[in-house]
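Let's walk through this protein together, one piece at a time. Keep the structure in view and look for each part as it comes up.

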Amino acid sequence: MTALQKIQETKLAPTLVAIESIDGAIEHYKREAEMIVAAYWQWVEESNKQLRASKAIGENLKKRTAYMGPRVEYRPSGKYTKLVPNWVSYPYSEKRMNSPKNFKNGERIKPGVNKEYVLSKLLKTSVGWDGKKIIETEKLLMPIREQLEALHEAKVSLERRDTRIQRIANKYEESGNGE
């Protein structure tokens, strides 16, 4: 290992520490988002059981139960992947209910401009009685979504800068050897 390579490694060490720190923060927000999502789906399950038990909604029982909620997923972002809490609709259908493969598939509700969910759009997709809980949950998920987005941008920026520094250093090393 040349002296130049040793200097480069010591200069890049803080970058690696920063990236590891960002990964730790992403993991923290992931756990927090997963707890919010789990609490929401537990509420939905309990509410749907109460509706089914009361049979107050008649023949359209399964079509009137809550069928949308948040999900934490990894989404591709260029050559990277990022963690995003999204809202997903799981509309009732016989095919989906009878097939384990299709049971987990849902239609992602796309956010509006600036990657924000419009509350009226979420309420329009809901069944009505679950609207208050949807708004409460989105108010909890929105700051987490924004923090995850900022952390992803910082991580990508640091990794690109690191790659750029390595590329330029290698170029200098190659041109220095020719003398």
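In this predicted model, 3 strands make an open sheet, arranged in the order β1-β2-β3 with antiparallel pairing. Its edge strands are β1 and β3 (107–109), each of which pairs on one side only. Follow the sheet across and you will see a twist that averages 55° from one strand to the next.

Strand β1 covers residues 68–77 and strand β2 covers residues 80–89, and they pair in the antiparallel sense over 10 bridges. The two strands form a hairpin with 2 residues between them. In that turn sits G78, with a positive phi of about 70°. You can trace the pairing residue by residue: R75 has K82 in β2 as its bridge partner, while V72 stands opposite P85 in β2.

Next, pick out N86, which lies in strand β2. Is N86 buried or exposed? Its relative accessible area is 2%, and buried means under 20%, so N86 is buried. What does the side chain of N86 do there? The side chain of N86 makes a polar contact with the side chain of E73, at 2.4 Å. Setting aside residues up to four places away in sequence, N86 touches several others, including G69, P70, R108 and Y117.

Move over to strand β1 and find M68. With a relative accessibility of 1%, M68 also falls under the 20% cut-off, so M68 counts as buried. Which residues surround M68, apart from its neighbours within four places in sequence? Among them are Y40, W41, W87, I109, L122 and I134.

In soluble globular proteins, nonpolar side chains tend to be buried together.

Finally, take a closer look at L122. Leaving out neighbours within four places in sequence, L122 is in contact with M68, W87, I109, Y117, I134 and E138.

Notes:
Residues are numbered from 1 along each chain as its sequence is written. This is a predicted model: local features need pLDDT of at least 70, side-chain atom pairs count only at pLDDT 80 or more; totals for chains, interfaces and linings use all residues. Side-chain values use heavy atoms; hydrogens and water are left out. Two strands pair if DSSP finds at least two bridges between them. Helices (H or I, at least four residues) and strands (E, at least two) are DSSP runs, numbered from the N terminus. Buried means under 20% relative accessible area, exposed over 50%, partly exposed in between (1.4 Å probe, protein chains only). A polar contact is a pair of N or O atoms within 3.5 Å; within protein, one must be able to donate a hydrogen and the other to accept it, and residues adjacent in sequence count only if both atoms are side-chain atoms. Contact means heavy atoms within 4.5 Å. Axes are lines fitted to C-alpha atoms, for helices over the stretch in contact, and angles run from 0 to 180 degrees between N-to-C directions.
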